[in-house]
Every structure is written in structure tokens, then in C-alpha cells.
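Please have the sequence and the structure at hand while reading.

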Amino acid sequence: MTTTDVPTREQLVRRASELVPILRKNAAWSEENRRIHDDSIGALADAGIFRMRVPARFGGYESDTRTLVDVAAELGRADGSVGWTASVYWIPTWMAGLFPDHVQEEVFATPDVRVCGTLSPSAMAAPAEGGIVVNGKWGFISGALHAQWQVVVAVRVAPDSEPMPVMALVPMTDLLMVDDWHTAGLRGTGSVSTVAENVFVPEDRVLPLGAVVQGNGGVSRMNAEAAMYRSPLLPVASASSVGAVLGMARAASESFLERLPHRKITYTNYESQAEAPLTHLQVADATLKTDQAEFHAHRLAGLVDGKSARTGGWTLEERVRARADMGAVCRLAKEAVDLLASASGGSSIYSDVVIQRIARDVHAANLHALMHPNTNAELYGRVLCGLEPNTLYV
């Protein structure tokens with residue numbers, strides 16, 4: 001057991017901001033090679049980014065989700081793929097803290113451990129003596145190439161019970177990786193597929209997914225009273241995810257305004273794009289949308305942190321509002337980026353103009369099944385209209 005001085009939110013945000021130059025320097029390499037640059041991973045580790053959702057007794061910071069939002073926004077401002085990958089690590093790292101304490105000791109024995117994961121039950125699990133045997137494949141595993149563990153989800157099928165989705169912790173050395181991450185956006189995340197072939201998982205590294213989603217699936221005694229573990233999985237995951245997308249919108253604004261003084265509007269009398277009233281409207285509209293995205297990101301984090309600070313359950317409306325806020329951040333950030341990208345002219349399609357990468361990254365984030373604005377808005381409206389949710393992921 002170790003302890004460490006816990007940096008404040010301001011200190012962690014400053015550390016993330018200080019990483020912006022090196023992350024931007026490596027961003028093109030990461031996109032071309034479809035993985036985060038090793039130097040960027042090292043810089044994130046040195047800054048303590050991977051400790052933010054590690055229990056304090058293992059040297060972690062147990063950062064609240066407002067801190068996650070603000071740190072991820074700085075990382076996403078530097079490189080959307082880095083911000084996304086850091087956010088993805090935070091979620092299954094938090095999930096690892098739900099397992100028995102001796103399992104956590106094994107996981108967190110690795111300094112700056114990185115845990116990747118998924119909530120998709122695209123594998124099967126068969127009961128075996130002392131655990132389960134897993135076979136299957138999971139896609140979109142962001143950060144797999146630099147992770148030591150993966151949280152996998154599989155459907156456990158036993159002859160004497162109904163099929164049940166379970167969540168399990170598996171060392172990356174037990175899994176195969178498929179180099180299939182050939183995408184238009186978030187290319188640098190290295191979100192390859194992983195495969196389990198007759199992988200045995202001990203029973204103490206298996207939890208029922210349904211109980212975890214509902215917020216009563218943890219068996220860790222040491223984490224039982226920690227504020228970080230008083231909120232259920234989906235609101236926690238939602239608040240962990242949005243900062244990177246907010247950062248992408250901010251990056252688009254920086255990129256656009258940096259190029260603005262040197263651009264004219266071709267085939268018009270405007271020698272400077274900055275003189276055109278249309279540009280003023282576009283910049284103002286994009287900035288206001290980014291401000292609105294920030295509001296929803298902070299409202300979401302405020303809900304999670306407020307509920308975590310005290311005991312008490314979550315209402316169904318609060319759960320779906322968490323997802324609705326996440327969807328709103330994605331929609332508004334994408335709209336802001338689209339406005340600025342469309343105002344960037346034909347020269348912006350060149351690969352060395354970063355706004356085109358930002359646009360592709362924010363589009364990719366909006367297509368994520370749990371982050372899709374339409375899916376989340378429909379879910380929120382459905383519950384507001386008095387209907388039951390049509391998903392277990394709330």
C-alpha cells in the first residue's frame with residue numbers, strides 16, 4: 001500500500017496544459033501510425049494522468065469528474081486521440097476498483113497502470129472450475145496497444161441458469177490483438193480489436209455486469225466508502241468522456257483563428273477573411289456552441305460529483321440526464337467544429353492543416369454508440385415522457 005500527495009485540480013490542469021506542445025508535435029505521427037506515440041504516453045505518465053482514477057492507497061489521486069473534464073479538455077485541445085485515449089483509460093481503471101481488494105493489488109502493482117476496456121458483450125463465457133473460460137472478440141479497444149489489462153464483457157452461459165453478461169479483468173498478455181484500426185477519425189487512438197481464445201479467468205476477476213451498471217456490483221471493501229465509487233457506471237463513464245470532445249472544439253477555434261490573419265476569401269473582394277461579416281457570425285456561433293458544450297460538460301460533472309459527495313441513490317431521470325448531457329456536449333462540439341471547418345477554405349483539406357483532423361476526430365466521437373447525440377436525446381425524452389428506458393445502459 002502506498003500513498004502520495006494528491007495534486008489539486010488546478011495543478012493537474014496545468015500539467016495537462018504544459019503537455020500541449022509535445023502532444024501536438026506527436027499528433028501527426030500518431031495519426032499516421034494509428035497509435036499514440038510512445039513519448040506522448042510517457043509524458044502522460046510523468047504528469048500523473050494515468051493515476052487520476054486509481055485508488056489513493058495505491059498512489060492514485062481519486063480525482064473527481066470535474067477534474068477529469070478539465071484535464072481531458074486540455075489533452076483534447078492538443079490532440080483528440082490523446083484526450084480520447086486518456087478518458088477511455090480512466091473508465092476501466094475506475095472499474096478495476098470494483099473488484100476484490102486482492103485483485104486490485106495485482107492490477108495496481110504496476111506503476112501508472114493502463115486498463116482498457118469495453119461494455120460490449122461480444123464474447124461468450126463458459127463456466128469452469130474456479131472461474132470462466134472466455135472466447136470472443138471485442139472491437140474499438142482504445143489504448144489497447146499501451147495497456148496492461150483489459151476489462152472484457154462476455155455472456156456467461158450455464159446449463160442451470162439464464163445467460164448473464166459478466167465483466168472480467170484479463171491481462172493483455174492473455175489476449176490477441178488484431179491490427180484492424182483503419183479509420184477516418186481518431187486514428188491515433190490505436191483502437192484495435194482484441195480476441196480471447198479459451199482464456200481462463202478466475203472467479204475473483206469476474207463481476208455481474210447488470211449489478212455493476214446499476215451501481216451495486218462492487219465487492220471491494222477498501223473502496224466502499226470512497227466518494228469516487230458512490231456513483232453508478234454510466235454516469236461516471238459519461239462524465240469521464242466529454243472533456244476530450246470539448247477540447248476538440250477549443251482546438252478548432254485556435255486553429256481557425258491562427259490561420260485567419262493570413263487568409264482572404266477567394267473570388268471575392270475580401271483581402272482578409274477577418275473583415276467579412278460572415279466570418280464574424282461563424283466565429284461567434286462556433287464560440288457560443290463551444291460555451292454551451294462546456295456548460296453541459298460541467299453540469300454533468302457537477303451532478304456526478306455532487307451525488308458522489310453524499311450517500312443516496314440516483315433517480316432514473318438523473319441517470320438519463322447524465323447521458324443526455326454527454327450527447328449534448330458531442331453535438332454542440334461537432335457543430336462548432338463543422339462551422340469553423342467549413343469556413344476554413346479549400347486549403348484546409350491539406351493534411352498539414354490540423355482542423356481537418358479535428359473535424360474527423362469529432363465526427364468519430366459523435367458516432368460512438370454510447371455518445372451519439374440522437375441516441376442520448378431520445379433516451380432522455382423517452383423518460384421525460386413517462387416511458388421506461390429501452391436500454392440497460394443508464
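Which residues does His-146 touch, not counting residues up to four places away in sequence? They are Arg-35, Ile-36, Asp-38, Ile-41, Tyr-89 and Arg-114, where contact means heavy atoms within 4.5 Å. His-146 itself is found in the loop between β3 (131-141) and β4 (149-156).

**Basis of the description**

This is a predicted model, in which local features need pLDDT of at least 70 and side-chain atom pairs count only at pLDDT 80 or more, while totals for chains, interfaces and linings use all residues. Residues are numbered from 1 along each chain as its sequence is written, and side-chain values use heavy atoms, with hydrogens and water left out.

**The chain as a whole**

The secondary structure comprises 12 helices and eight strands; helices (H or I, at least four residues) and strands (E, at least two) are DSSP runs, numbered from the N terminus. The C-alpha trace spans about 75 × 50 × 40 Å along its principal axes. For 394 residues, a compact globule would have a radius of gyration near 21 Å, and the chain agrees with its 21 Å. This radius is taken over C-alpha atoms, and the globule rule is 2.2 Å times the number of residues to the power 0.38.

Of the 394 residues, 56% count as buried; buried means under 20% relative accessible area, exposed over 50%, and partly exposed in between (1.4 Å probe, protein chains only). The accessible surface comes to about 16,800 Å², and carbon and sulfur atoms hold 54% of it; such areas come from the Shrake-Rupley method with a 1.4 Å probe. Among contacts with a separation of 6 or more, 73% are accounted for by residues 24 or more positions apart.

Helix α8 (residues 233-259) has 27 residues and should span 39 Å at 1.5 Å a residue; its end C-alpha atoms are 41 Å apart, which agrees. The expected span is 1.5 Å times one less than the number of residues. Helix α8 is mostly covered, with 21 of its 27 residues buried.

Ala-365 belongs to helix α11 (residues 354-366). Leaving aside residues up to four places away in sequence, Ala-365 touches Trp-84, Leu-186, Val-245 and Met-371. From Arg-319 it is separated by 46 residues in sequence and by 21 Å in space, C-alpha to C-alpha.

**Buried residues in loops**

Ser-63 is placed in the loop between α3 (38-46) and α4 (65-78). Its contacts, not counting residues up to four places away in sequence, are Leu-12, Met-52, Arg-53, Leu-68 and Met-228.

Most residues other than glycine have a negative phi. Arg-34, although not a glycine, has a positive phi of about 60°; it lies in the loop between α2 (20-33) and α3. Asp-112 is likewise not a glycine and has a positive phi of about 55°; this residue is found in the loop between α6 (101-107) and β1 (115-117).

The table gives the relative accessible area of the residues discussed.

| Residue | Relative accessible area | Class |
|---|---|---|
| Ala-365 | 0% | buried |
| Ser-63 | 6% | buried |
| His-146 | 12% | buried |
| Arg-34 | 16% | buried |
| Asp-112 | 16% | buried |
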